[in-house]
Amino acid sequence: MGEVALAATGPVSLGAGREVAAAGGNAVDVAVAAALAAMATEPGIVSLGGGAYVSVWAPGSEPLLVDGNVGMPGLGLPPEAFGRGVREVSTEYGGGVTMFAGHGSVATPGAVAACEDAQARFGRGSWADVVAPAAHACRDGYPVGGAAARYLGFVADTLFGTDPEAHAVVTRPDGRPLRAGDLATNGRLADVLDLVARDGASVLTTGEVGRAMVADMAAHDGLVTADDLAAHAPVERVPVRRTVGDWDLALNPPPSVGGPMLAVMLGELARRGSYDWADVLAVQSAVLRYRLEVHDVATDLDAAGHALLASVERHGLAGLPTSASTAHVSAVDADGLACAVTVSAGYGAGITVPGTGMLLNNALGEPELNRLGLHSLVPGTRLASNMAPTTGRTADGRVIAVGSPGADRITTALMQVLGQGCLHGADLRTAIEAPRLHVRFDRTGRPVVEHESDPAITAAVHAAGLAATDHGALSMYFGGVGVAYRRDDGVLVAAGDPRREAAVALLSTP
């Protein structure tokens, strides 16, 4: 008997991993099954029509990052097709968010193809067996999680109300928003997943679902074309490596934004050695101001990311130039195979591919990821992303897979958890439950410290003379870190974040 440590998003995601582990799956099989189940059964939070990154580090091999993030669509379209097909949606969710939704907000999806690529390369089971639990959950019914219910309570009508099929996915039969604990079904999506299990992820791109998506986009001023779906393939990238304490960490590389920012923050904490809250404030302020003023308005995120890493490697923080919704799964097995999967569909476009029950992303309509403006990128370009799934190893045999949802708080949450664990020697539970802070910048460029209640943080904020907001203890605002871990004695551990719903377990394999 073997084991897989799994930190999943909730009971449905955990159940999918458990089923695949029982059939003999390894960490990659289990993580991908859990991620697919989350995308299928957490409407409004994530969907199969979004993007994903899959980080894998197999024992005896170099780490690999499979990039399935969304891309800028519009290949083959004339200039006058751009700048259309969106509607503005404002919501009080998260303290107030204004976004674009509709067909023109949809970026070219790549999540399922990335999962398929990783599973084919590193998995032990069959693709059909990995997809099957998600299909079963959609057909037989799944309990609605608290995070999805909270979000849908704000946007079920305003965001999803213009598309009757999408509205039906996120509401009860009487039209009211789904509530936590409701048993929901999505038979159309179950049928799509059956096709994906049989024929592969190409069903969603060059197959019948992809063709239906292209036709609907053309009819409603969307930008996704058949050329986009055919060209948008997973990209296998070499992770950014950073030594933090005893750990060799493999981080999401450019053109991701989250990975390079996390690499710089962790590198600076490691450079300082023993650090305190004043150091965390200083590092976050420097790195995130750089992101705001320079990186987020770069036209070439790949080049900008590598330039950032090279500059900070040489000069430290002095080398910095001046000028919404995610889910995460982590798994590690007894052999030391580590897999971290982060997925996102933005706030949701409020629409489905007709007849499929598959909700689509609004990545082109997320203001924080489109600082250059609506539809400003060249078609085929990978969009910016905060996602930062991470794997790591030590010389004495320890292995970790870690990540978090939480928009721009992903990198700062992981910075603090990994800093506590890798540099301060904290155990998993202590590192995850320790209070957190996040530096943001208001519309005038003034730094504001968002933080959880802690006297030492408050003192550091006052000493720095910064404005601050206290969110209380263990606030969902600061992400939801999930960790799977193998100790040096081979014992597996999984830990979830009390700030969000988490489902963790050690799963038995034959």
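Predicted model: local features only at pLDDT ≥ 70, side-chain atom pairs only at ≥ 80, totals over all residues.
**Close-up 1. Phenylalanine 441 and proline 447 stand opposite each other, the latter in strand β18.** Strand β17 covers residues 437–441, and strand β18 covers residues 447–451. The two pair in the antiparallel sense, with five bridges between them. Five residues lie between the strands of this hairpin, and glycine 445 takes a positive phi near 90 degrees. As for β17 itself, four of its five residues are buried, leaving the strand mostly covered.

**Close-up 2. An open sheet is built from six strands.** Reading across, the order is β9-β10-β15-β16-β20-β21, and the pairing is antiparallel. At the edges you will find β9 (240–244) and β21 (492–495); each has a single partner strand, so one side of each is left without a neighbour in the sheet. From one strand to the next, the twist averages 15 degrees.

**Close-up 3. Strands β16 and β20 run antiparallel.** Here β16 (residues 399–403) is joined to β20 (residues 482–486) by five bridges. Look for alanine 401, which stands opposite alanine 484 in β20.

**Close-up 4. Helix α10 passes α13 in a right-handed crossing.** The axes of α10 and α13 are 9 Å apart, and the helices pack at an angle of about 35 degrees. Residues of α10 in this contact include Met261, Leu262 and Leu269; among those they meet in α13 are Leu414, Met415 and Leu418. Sorted by class, the contact has ten nonpolar residues, four polar ones and no charged ones.

**Close-up 5. Two aromatic pairs are counted in this model.** In one, the rings of tryptophan 247 and tyrosine 485 have centres 6.1 Å apart and planes at 40 degrees, so the pair is tilted. Both tryptophan 247 and tyrosine 485 are buried. In the other, the rings of tyrosine 477 and phenylalanine 478 have centres 5.0 Å apart and planes at 80 degrees, so this pair is edge-to-face. Tyrosine 477 counts as partly exposed because its relative accessibility is 21%, whereas phenylalanine 478 is buried, with a relative accessible area of 2%.

Definitions and conventions. Residues numbered from 1 in each chain as written. Heavy atoms only, no water. Buried < 20%, exposed > 50% of the residue type's maximum accessible area, 1.4 Å probe, protein only. Pairing = 2+ DSSP bridges. Axes fitted to C-alpha atoms, helices over the stretch in contact; angles between N-to-C directions. Left-handed = near helix turned anticlockwise from the far one by under 90°. Contact = heavy atoms within 4.5 Å. Nonpolar A, V, L, I, M, F, W, Y, C, P; charged D, E, K, R; others polar. Phe/Tyr/Trp six-rings, centres within 6.5 Å; stacked < 30°, edge-to-face > 60°.
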